[in-house]
Every structure is written in structure tokens, then in C-alpha cells.
Amino acid sequence: MDAAAADAPTTGSLRKFLEHLSGAGKAIGVLTSGGDAQGMNAAVRAVVRMGIYVGAKVYFIYEGYQGMVDGGTNIAEADWESVSSILQVGGTIIGSARCKDFLSREGRLKAAGNLVRLGITNLCVIGGDGSLTGANIFRKEWRGLLQELAKNGQIEAEEVHKCDHLNVVGMVGSIDNDFCGTDMTIGTDSALHRIIEVVDAIMTTAQSHQRTFVLEVMGRHCGYLALVSALACGADWVFLPESPPEENWEDHLCTKLSENRARKKRLNIIIVAEGAIDRKNKPITSEEVKQLVVKQLGYDTRVTILGHVQRGGTPSAFDRILASRMGVAAVIALLEATPETPPCVVSLSGNHPVLLPLMECVQMTQDVQKAMDEGRFQDAVRLRGRSFEGNLKTYKSLAIKLPDDQIPKSNCNVAVINVGAPAAGMNAAVRSAVRVGIANGHRMLAIYDGFDGFAKGQIKEIGWTDVGGWTGQGGSILGTKRVLPGKNLGAIAEQMHNHNIHALLMIGGFEAYLGLLELSAAREKHEEFCVPMVMVPATVSNNVPGSDFSIGADTALNTITDTCDRIKQSASGTKRRVFIIETMGGYCGYLANMGALAAGADAAYIFEEPFDIRDLQANVEHLTEKMKTTIQRGLVLRNESCSENYTTDFICQLYSEEGKGVFDCRKNVLGHMQQGGAPSPFDRNFGTKISARAMEWITEKLKEFKGKRFVTDDSICVLGISKRNVLFQPVAELKKETDFEHRIPKEQWWLKLRPLMKILAKYKTSYDVSDAGEMEQVHSRGMHGEPAAI
């Protein structure tokens, strides 16, 4: 059921959850410290609501550690409504400040006294490595501080016994993504949104005037933002602290820019991290780069320093969901902690939340800086993690083209095709495939208009420069159709023979998956299909078996979230109004469920979780109660195919009738706007990296079995992310995991997050805490397969 009413009977699994993780009598303090980051408020909201849900008291600690030292009104109990309407707000509502007082034992003594008087022995710290290190020192000194307070008569002896240990759990809020141990920190994705919005705007004006733009992005000690934004916009050059350019980089840069101009490229983009250095640890500034280009090439060059724009604005859907997941995991970790439990940090490995020892992560983060200071730049890149290392390798292979006579030819033709509905990020995936293929010596062929165009022979060779500027364009430049190969298998086999195609890369949604199955089944009849084939999932519905994520789903999710933010604002202005939003996705409820989590909706109706009139009635009663509080608005999402009879119109009319005199109801069908628009940074980056990996797999296969027929299952695969690994899964094996009637996988990872959405909307529900797991060692992560570094 979507929403058990507030007084519904407690299920067995819920009883187990509450018995195991009762927060009764416990107090949790939550603070944000250091630099602010978008998504911090979502984390605060999750900690407060999850804490209250399990019966704990939750306290805001305003102004970070300074508020803890000063005490008084800086530490205040939070209630459910305290965190209403903050999901979409950037920064942090509880404030953040640098605190010199906390660096001294005297300051920490005051802070301990202020916490003990309120019984706070559980601390949730959202900040960077400095903030988390401070929390660890505080925890180590805790008992000594309490004994000193008792000795001074500032607290009672029984309070020392009652509050004898402090539990600490951290979440990393930093736009720089500079903390080792997690693939993504809270705020990074939103900062990338700000950067890419600026880059997209600049690219239009730069093309008009044939200009060179030098963009300076944040990252004093970490080049993640610079690297990923360069990857996402196809920048000509990027300067990073961890990987300084080789000697004589000035000449190499100017040669690269002039070569690109000679290829009729009308603009050049150079991205500089604010902490960029050369190999002698001397800073490289954006102004210095500009002067170099003007002096040596005479190009019209402009500098744009993005500054604090990157910290501002609304958090992205990814950051809201990440922060919500981390906030809930932090509360669970605090409630499960014992006096022997070391302080931990909630991290993300691929698509899997993990708990890691805080100080191991801090130490590794500090080791990166030490390696840079000592000129050990290869070690610095390695210590940043496989995500950073993989991004750098992919960027280099896509940005730097060797002269044709230096690329060993494979004498293989590899074709790329888009299949199904368009999805933002498809073009970035095609660009990546084409360039990686050319770099590996293949001749790349583009198939236009899907299988329909394939059968008609709409196939052309595509070159390095042909895909320039494709990363930021939505839709599908190659053209894409939902047509399956079925009726045209003979014609497609003939075209494969005529064009001597040795391998096929398919980028698309469920139609591409079905097409791959049909080509696999036709191998016995048509030997032309006995070649390596791999599919990269690209669909807003995120319904392809074999992958947690599909290219395009993140862009659609951001469209839904942005629309819901505006609608919530409208509802807040008019008061007592409930909006029903219909999302796309076919029978897959991913967009509706995750959109509801990101937008702070009251309910989400999806096909995977059947509902009836009693559930609708329970939701109406829930909203009726909500209208008695200060939060006089409601938001409900409905997946387009969740029910044949409970249509959006029906639900809207039912809500209107049942809510008469309490609230009125409006509906909004988002439709195809979810498929359109410029791709999000996540989709550009994900499409680029996963497509590059697919081409590497094709290259490995072609080297392995050159001239042979490919008939085994492992030569026709879907490439996707599963929890923390990148996996190539044969379509033959995925068949048994597929519900073909409803075009969805039989098991979907995001359904585990459904209770989380309900808990944060104040419904009683069962919640599986097994995923929270035990603490892991930093070095053991990603050892069970190729790591899924998103």
C-alpha cells in the first residue's frame, strides 16, 4: 500500500525495526559546519524526521561548532514542521560558521557542557574533513571533558554516568567532492549544474564570435569540478591541482587550440580549477592562461570566474536524494552505535550507501594533499579514488586525438545506433563512443533513424570532428525510433554484410533491449549478427534490466523536481491546495517515486505497489490532518500507468470531493517535457563514461577473437551499474529477470527507497535497514568487480 494511515496496525517488520532501533530517550544534535553546499538542508530534514520517527529528540545546533560552544538559543529542539519547505532551499537553514573557539580545549569544554545539559550524546555532523576531524577530537576527549565539568560543579556526577560516551556520524557536504572514501559528496552535483548552465550559455555567444573562453571553477585542492565539467562540455583543455600539465604545456595548449580552429571549431573552452598548479607547484591562473592565448595566438579571449555562484541555487534532484538517503542512514548508524563504535562517515560507493571509518577517510584525504605537495602527482590521482582516475583517463582519450599515422588501425568497422524514445545524454554517449572507437583504430559508422534506418541503409562513416559539441545537446542527433528489427532482420543482416560491420553499440531504452534479444535469437539464421553487441541503457523511464541507472533519467527527474518546486510555491501562496502530478515512465514508477522523494511529496502512486480506494482515502485523511498544521499544501505524484482505473482525473476528482471545505485540488500532466531539454551534468558524465567503457569492451572482444564468429552469450550484453559495480550482463541471462508484459525488471533497487519517502512524509511503514550494513574498511571497497564510479 502506498500510505498506511497514521493509526494503521504496526506490521511485524515495523515492530522489529522499532524494537531494534528505538530512539526513545535518546537525543541527537545535528549541525552543519565549514563551507555550505546545496543539499545540506535535505540532509538536515532527513535527520530530523527520521530521528523523530524512531522516537528520539532532535536538536538543531545553529552556526556550527560556534553555536555548540555558545549554547543558549543556538541549540533548539526541532519538530516535524521545522524542516518543512527546506528541500529546495540552497545553503543551510541552521547556519554554518568557522569556529576558532572549538579549536581550544576550553571551547570544547563549553560545548560538552551545553550538550550534556540537554542530554545530547549523538552528534550528526554535516561538513568537510576539517569539521569531521573536529568531531573526532571532541569524541575522544568526551569523557575527560565531562569529568572536568563535574569536578568544576558545572554538571552533576550522575550526568557523567548517563552521558558517558558520544556517538559521532558524519556526512560530507562539500561542492568540491574532495573527501576520499565516497564517490559523491552532498552538493557536488548541484555545483556541476551551476557550472554547466554557465558553460552552455557561454558556448552560444562564443560560437557567434569565434571566441576562446577561460572558465575558472572552484577547487582549491581538488580538481573534480573542473575535470567533470570539462568532460561534460567537451572542453579543449583542463588544468587540475592533482594532474599538472607536462613541461612546455604552453606550446602544447596553443598547438591544440590552433588545430581545433583549423578543424573549423568556432570556439575554445579552457577550464581552470582555482588551485591549478604546474609541476613545480607554481599556481596557474585563469588570467595567465588568457594572456598566453592572446599573446601567442591572437585569439579573442575572455575570462569568466564563477566563484560563489557554484555554491548557490537550488539543489539538484540527485543531491536531494543522496542527502535524504545519507541522513536516514546516519540516524540508523547513531542508534546502532555502541561505546566501542568508532566515528563513521556515511559514503556512497557506486549506487550503494556504506559506512566507513571517519579517520581512515580523513587520513587518505590528507595524503592526497601531501602527495601533491611532494610532487607525487600520480599518487595524488590514485588516492583520489577510481572515480577521479577514471574521469581523467576518459577525458584524455576524448580530448586529445593522435595524428592518424600514429593510431594503429584495427581494420574493424564498429556501428553506433540509437533505438527507442529520445533521452537527454544520448548524444554525449554517441560522441564518446565515436572518439574512443577512433582512438582504438576502428572505423566508426553512424546508423541514422534506428532499426528502420538500419534496414534502409542509412549508414555513414562518422569522424572525430563530426561529434564536436554534441555533449550539451538534448534528444538524438542520429535520430531514433521505437521500431524493432523483427520484420527487417534480413535487410539489417544484408546491411551489416554490405558495410562489413564487425561490432554494434546500441544506445537506447527497452526497445533497444528487445532489439538486442531479437538480434541474438537471429544469430543461427544470419551469421552477420555473430559479432560483439553491447547495449548502453538510455531512457527517461529507467526500466532497462541490468542497470540501476539509464542515461536521460536524471534529466527527467530534474525536470519533475523543478516543476514540483514551482507548484509547491504556488500551493503555498494560495494555501489549502493539493496538486496531483502525472509523470512518465510507462509501468515503471522510478520517476514518480524518486521525484516524490526529491520534491518532498506526500504520496506517490506506482504500478509496482498496487493500491486501492482505501489507500486513496488514507491519503486524503493524511492531507486533511496536514491542513490543520502550518504546512497547508499537498503534493501527490502519479506514474502514468500505475492503474487502469484510478486515472489522474479520477484521483483529482476524488480528492476534490473528499477534501471539500478543507482543501481544493489541481492536476498537472508533465508529458513529453520530461524527455526534452539539455542533458544534466550527471547524464552527460554518465553517458560519456559508460559509452567509453562499452567501446573498450568491444575493442577487447575484437582483439580476442579477430576473424571468428561470436556465438556465446557473453558476446551480446547490456552494460549497466548494479549497486557498486559496472557489469556486462548477457541478455540471455537478463531475460529471466524481466517482466516483458509491463516492460520492467522483476526486481528494482529503488523500491527499497520507497519506505524512506513515506517516512519523510510522516507515514508509518516498515523499513529494511539491512542495506545500512556494518562498517567497512576504506581499502576493501570496490574489490568485487569493476567499481561503478558515478
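Residues are numbered from 1 along each chain as its sequence is written, and the side-chain values use heavy atoms, with hydrogens and water left out. Because the model is predicted, local features need pLDDT of at least 70 and side-chain atom pairs count only at pLDDT 80 or more, whereas totals for chains, interfaces and linings use all residues.

A nonpolar core is here a set of buried Ala, Val, Leu, Ile, Met, Phe, Trp, Tyr and Cys residues joined through side-chain atoms within 4.5 Å. Buried means under 20% relative accessible area, exposed over 50%, and partly exposed in between (1.4 Å probe, protein chains only). The largest nonpolar core has 156 residues, and those with the most contacts inside it are Met171, Ile271, Leu505 and Tyr590. Helix α11 (residues 317–336) contributes the largest share of this core, 14 residues; helices (H or I, at least four residues) and strands (E, at least two) are DSSP runs, numbered from the N terminus. Another core, of 38 residues, lies apart from it and has Leu31, Tyr59, Ala112 and Ile120 among its members. Contact means heavy atoms within 4.5 Å. Beyond residues up to four places away in sequence, isoleucine 271 touches Leu215, Val217, Ala226, Ser229, Ala230, Cys233, Ala235, Trp237, Val238 and Phe239.

Helix α11 is mostly covered, with 19 of its 20 residues buried. The expected span of a helix is 1.5 Å times one less than its number of residues. The 14 residues of helix α15 should span 20 Å, and its end C-alpha atoms are 20 Å apart, which agrees. In α15, 13 of the 14 residues are buried, so the helix is largely enclosed by the rest of the structure. Glycine 441, which follows α15, has a positive phi, near 90 degrees.

Two helix pairs were examined. Axes are lines fitted to C-alpha atoms, for helices over the stretch in contact, and angles run from 0 to 180 degrees between N-to-C directions. Helix α4 (residues 105–117) and helix α5 (residues 129–151) pack at about 75 degrees, with their axes 9 Å apart. They are therefore roughly perpendicular to each other, a term covering angles of 65 to 115 degrees. Residues in this contact include Leu109 and Ala112 of α4 and Phe138 and Trp142 of α5. Helix α7 (residues 188–209) packs against α23 at an angle of about 90 degrees, with the axes 9 Å apart, and this pair is therefore also roughly perpendicular. Here Asp189, Leu192, His193, Ile196 and Asp200 in α7 meet Pro681, Phe682 and Arg684 in α23.

Valine 362, in helix α12 (residues 358–373), is buried, with a relative accessible area of 1%. Leaving aside neighbours within four places in sequence, valine 362 is in contact with Asp129, Thr133 and Phe179. Threonine 559, in helix α19 (residues 553–574), counts as buried at 16% relative accessibility and touches Met673 and Gln674, not counting residues up to four places away in sequence. Glycine 298, by contrast, lies in the loop between α10 (286–297) and β9 (301–305) and counts as exposed at 57% relative accessibility.

Most residues other than glycine have a negative phi. Glutamate 63 has a positive phi of about 60 degrees although it is not a glycine. Glutamate 63 lies in the loop between β2 (57–61) and α3 (64–70) and counts as partly exposed at 34% relative accessibility. Arginine 743, likewise not a glycine, has a positive phi of about 55 degrees. Arginine 743 is in the loop between β23 (738–739) and β24 (744–745) and, at 28% relative accessibility, counts as partly exposed.

Terms used:
Parallel < 35°, antiparallel > 145°, perpendicular 65-115°, else oblique.
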